[in-house]
Structure formats: C-alpha cells, structure tokens
Amino acid sequence: MAPAALGSEARLSLATFLLGASVVVLPLLTRSGLQARTVLALYVAALNALLLLLYRPPARYQIAIRACFLGFVFGCGLLLSFSQSSWNHFGWYMCSLSLFHYSEYLVTAVNNPKSLSLDSFLLNHSLEYTVAAVSSWIEFTVENYFWPEMKQIVWLSVTGLLMVVFGECLRKAAMFTAGSNFNHVVQNEKSETHTLVTSGVYAWFRHPSYVGWFYWSIGTQVMLANPICGIAYALTVWRFFRDRTEEEEISLIHFFGEEYLEYKKKVPTGLPFIKGVKVEL
C-alpha cells in the first residue's frame, strides 16, 4: 500500500492515541512527591486543553478526543498490567479493549477512507454491547473483592489473552485483505467497486472478521476469569453472528449469485455450528 494511503485522519488519530498513552510516565512524577490524584487531574486537564488548542475544527477535535481517550485507557492498562495487585489481568483487558476500538478506526482510515466516520471507532456500537461490557466490569470487581484468588489463575488468563490476540489479528487481517470491500455496516446495495474476496484469510473462512471478533470477545472474559459473563458472552455473540451472517449472505447472494454460492459450498463460515443462510434449490 502506498504511503499516501495514510491520510490526515489516520495521522491525527495515531498522534493523539500516543499522546493519551503517555499517561505511562505519570508514576515518574508521583515519585517526586506530588500526589497521584493531583497529577492525574492536571494531566487530564492539560491533555484536553492541548487537544482544544491544536484541533479547533470540531470534526478533528472529535477524532482527537476519542483516539486520545483510547490511548489513555491503553496506557492505564499497561500500568495496571505491571502492578503487583489482583487487578493486573484487568490491565490486560483494558489494553485489549482500547487497542481493538482504536485499531478499528485506524485500519478503516488506511484501508477504506471513504467509509470512515466517528462510528468507525465502534464506541457506540449498540446499547447491548455497552451493557455487556459494563456487566463484565461489575462481575470482575465483585468477584475480585470477595474471591481475589479467583482472578489470579494465570494459565486461564494467558489462554484468554491468546484468544484475544488471535481474534484481533484475524479480524485485522480480514479487513486488510478485503480492502475497500470491508464495511462495518452490512451493505444492501452493491457498489461499482464491490468484488467478492476469496483469497487470503477468506480462503479459510467466509467470515473471518466475524470469527476474529467472536473469539476476541469470548477471550476477554476468559482473560478476566469471569464465569458468568464468559458463558453469557459465548451465547450472546454466537446468536448475534448467526443472525448477522445470514443477513449478510442474503445480500452477497443477491450481489454475486452463483459465484458466491460456489464459494459458500467450498469454504465454511469459521463460526462454530453456524452454516450461514440456507439456500433452497
């Protein structure tokens, strides 16, 4: 891909993400005698003032504040990951969650800038997504308070981390392979440039981006050792992707006809016990 593909939105988001991640240097300031809460409050205020000063057009500020926030969460996650507490695995989760949402925007900005919007961060994905995330935070907090040893099963959290890394890499590989054909919204009308992608990771699975997100989401709960949300996530995301796959395949059959039907026969969805839309011959 040509360097020119890294447009202004991608550069802006990357710079502000790294700016937010600079929160990792705060412990150096607290060692000088300053109170941690005071340092954090001054840091956040300074960040926001700097963003308002540098990115005055509202559209650019909206990108900057979201990317900076995700960078801030990532940085806080790094600090927590290396802490000597029962919250260190939650730090892994914070890094995974913030990196997922930021990379969704960055890859879209590089790969398919025509479809880029603030929604590409997926921060406002749905009410259900928000409720699921908050529920997992509550479960971790409650269980960590009453049974802290439950959150220190290292092999389990490492297994979850590997699932998260696998899912993240597979999804981003799918986005890059699909190029401008990838969109966060299921398309009901075929564009002139829309082609059927069957190479790369699409030769393994018909829906590699969904497979990646499926294992990423479940992996986050395995990482947190959340038994309740782990089961709930598995059932919920399975049902979501079952319906989403069928909805998308109806459009793909309409777009590509026999070409997609042949592809569908040869390549599985990649999602467990999901075969996609049934076609009556």
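A salt bridge is defined here as a side-chain nitrogen of Lys or Arg within 4 Å of a carboxyl oxygen of Asp or Glu. By this rule, seven salt bridges are found in a search of the whole structure. The structure is a predicted model, in which local features need pLDDT of at least 70 and side-chain atom pairs count only at pLDDT 80 or more, whereas totals for chains, interfaces and linings use all residues. Residues are numbered from 1 along each chain as its sequence is written, and side-chain values use heavy atoms, with hydrogens and water left out.

Glutamate 104 takes part in a salt bridge with lysine 172, at an N to O distance of 2.7 Å. Because lysine 172 belongs to helix H7 and glutamate 104 to helix H5, this pair ties together parts that are 68 residues apart in sequence. Helices are DSSP runs (H or I, at least four residues), numbered from the N terminus. Glutamate 104 also forms a salt bridge with arginine 171, with the closest N and O atoms 2.8 Å apart.

The protein chain is divided into domain 1 (1–124) and domain 2 (125–275), the bounds coming from an automatic or database domain assignment. A distance of 23 Å separates the C-alpha centres of the two domains. Their contact (heavy atoms within 4.5 Å) takes 24 residues from domain 1 and 33 residues from domain 2. About 2500 Å² is buried between domain 1 and domain 2, with 63% of it on carbon and sulfur atoms; buried area is the accessible area (1.4 Å probe) that two parts lose on being put together, summed over both. His89, Tyr93 and Phe100 account for 24% of the area that domain 1 buries against domain 2, more than any other three residues. Two salt bridges are found across the interface of domain 1 and domain 2.

Pockets were identified on a 1 Å grid over the protein atoms alone, as open sets of points where a 1.4 Å probe fits, with protein on both sides within 12 Å along at least five of seven lines; lining residues have an atom within 4 Å of a point. Grid points are joined across faces, edges and corners, and a volume is the space filled by probe spheres set on the points. The largest pocket holds about 740 Å³ of space. Its lining comprises 37 residues, of which Asn183, His184, Val185, Tyr210 and Glu248 are the closest to the centre. Helices H7 (154–178), H8 (208–223), H9 (227–256) and H10 (258–266) each give two or more residues to this lining, and H9 provides the largest share, eight residues. At least three lining residues are drawn from each of domain 1 and domain 2.

The second largest pocket holds about 520 Å³ of space. Of its 22 lining residues, Glu128, Tyr129, Ala132, Thr236 and Val237 are the closest to its centre. H9 again gives the most to the lining, with eight residues.
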